[in-house]
Amino acid sequence: MTAALKGLRVLDFSTLLPGPFATLYLADLGAEVVHIESPTRPDLVRMLPPYANGQATSHSYLNRNKQSVTLDLKDPKSIEAVKQKISDYDVVIEQFRPGVMQRLGLDYQTLAEINPRLIYCSITGYGQTSAYKDKAGHDINYVALSGIAGHSGRAESGPPPMGIQIADVAGGSLHAVIGVLTAVIERQQSGLGQYIDISMTDCVVGLNNMAAAAVLAGSQKQQPEQEHLNGGTFYDYYATLDGRYISIGSLEPQFMTGLATTLELPILIQKGTSFDAEDRQAVKEAIGQKIKSKTWDEWKTIFSSLDVCVEPVMHLDEALNSDLAQQRGWVVDVPLKPNSTETERQLACPIKFSRSQASYHYIGQELGEGKW
């Protein structure tokens, strides 16, 4: 098996989550990633509890397979060191506010004069242009401005605080990987690198996809619990007798019929596809009362052998130790050091190939432990 990105060399100046998660995937898939860190202001992820094996678990995961190199970017000697080595690298990823890398003398224009093949990706909250470009922000702010929060959650209680960072990861990290690898492919034709401007807000707006199409082309306002997939129909979560939840997504006729038969609810067949708000509410109330009559374990057992798009809502520890997790290899044991027999359990890279595979050489290194 081969490493799909073997030979790709990445210089990573990012911290926290968006940039490091992007370069994690690149490193897992075979790229050589050197993570540049400040010797005096370490990445805050290094201090984020909980800890295992003497390090923050988030740091150990996000920075696995990467070399940790310390450089004081306020020192002209460090800037010169980067410039001397930049011709050996294919990609730069950075996550500073707009203008910071230019003031340091490490902006795209400067480095591209040395290495015209360089692909340079900047990840920021609001991009390199617009009146927002210098504003501070976090994932919750980007999701708020994107419109996603405005049609998510419950009509009475409002948008929910999510358990993951949607804009940071799905917006920033994954779009950065798409942009970088697209530029790598384009470089094969042109011989030149280019600059990539990733705005986490821009990219998370794109996740609205079907809802945005309804607004832009159909002039249909999006609101919580009004549409097919945001709680406006019986496609929803339902509380069980013991306070856990079941997910029901039985929209297609064959699945709806199977669900109605299992729950003994003819109203689902009669009114499950109705566009009338009162009918929809009556169907949801009927399902809710039925689901609340049994425990989570009981429903899990009942639906485990049925193909009707109903699944239990699992806690993360349950999900990571489930049969599906084992069968699909969601978790891997990563050596603490290269060739070490001691390991730490971490999430695996989920991308699977027929001829290539992800690799897991070591967890995130101690500050300055790496070489370049």
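**Figure 1. Helix α7 and the glycine that comes after it.** In this predicted model, helix α7 is followed by Gly191, a residue whose phi is positive, near 80°.

**Figure 2. The parallel sheet of six strands.** Six strands are arranged in the order β5-β2-β1-β6-β7-β8, and together they form an open sheet in which the pairing is parallel. Strands β5 (66-70) and β8 (195-199) stand at the edges and have a single partner strand each, so that one side of each is left without a neighbour in the sheet. From one strand to the next, the twist averages 20°.

**Figure 3. The pairing of β2 with β5, and the helix that lies across the sheet strands.** Strand β2, made up of residues 32-37, runs parallel to β5 and is joined to β5 by five bridges; within this pairing, Ile36 has Val69 in β5 as its bridge partner. Helix α1 (residues 18-28) lies across both of these strands and also across β1 (9-12), β6 (91-94) and β7 (119-124), and the helix runs at about 160° to β1.

**Figure 4. The antiparallel sheet of three strands.** The strands β9, β10 and β11 form an open sheet in the order β9-β10-β11, with antiparallel pairing. Strands β9 and β11 are the edge strands, each of them pairing on one side only, and neighbouring strands of this sheet are turned against each other by 25° on average, direction ignored. The antiparallel pairing of β9 and β10 extends over four bridges, and the bridge partner of Tyr237 is Ser247 in β10.

**Figure 5. The second largest pocket and its lining.** The volume of the second largest pocket is about 1,600 Å³. This pocket is lined by 46 residues, of which Ser152, Gly153, Met162, Leu229 and Asn230 are the closest to its centre. Two or more residues of the lining are given by each of the helices α6 (139-146), α9 (209-216) and α14 (316-320), and likewise by each of the strands β9 (236-239), β10 (245-248) and β11 (310-312). By residue class, the lining of the second largest pocket divides into 25 nonpolar, 16 polar and five charged residues.

**Figure 6. Backbone details in two loops.** The peptide bond that leads from Pro49 to Pro50 is cis, with omega near 5°, and Pro50 is found in the loop between β2 and β3 (51-52). In the loop between α13 (296-303) and β11 lies Cys309, whose phi is near 60°, a positive value in a residue other than glycine.

Terms used
Residues numbered from 1 in each chain as written. Predicted model: local features only at pLDDT ≥ 70, side-chain atom pairs only at ≥ 80, totals over all residues. Heavy atoms only, no water. Pairing = 2+ DSSP bridges. Axes fitted to C-alpha atoms, helices over the stretch in contact; angles between N-to-C directions. Contact = heavy atoms within 4.5 Å. 1 Å grid on protein atoms, 1.4 Å probe; cavity = no way out; pocket = protein on both sides within 12 Å on 5 of 7 lines; lining within 4 Å. Points joined across faces, edges and corners; volume = space filled by probe spheres on them. Nonpolar A, V, L, I, M, F, W, Y, C, P; charged D, E, K, R; others polar.
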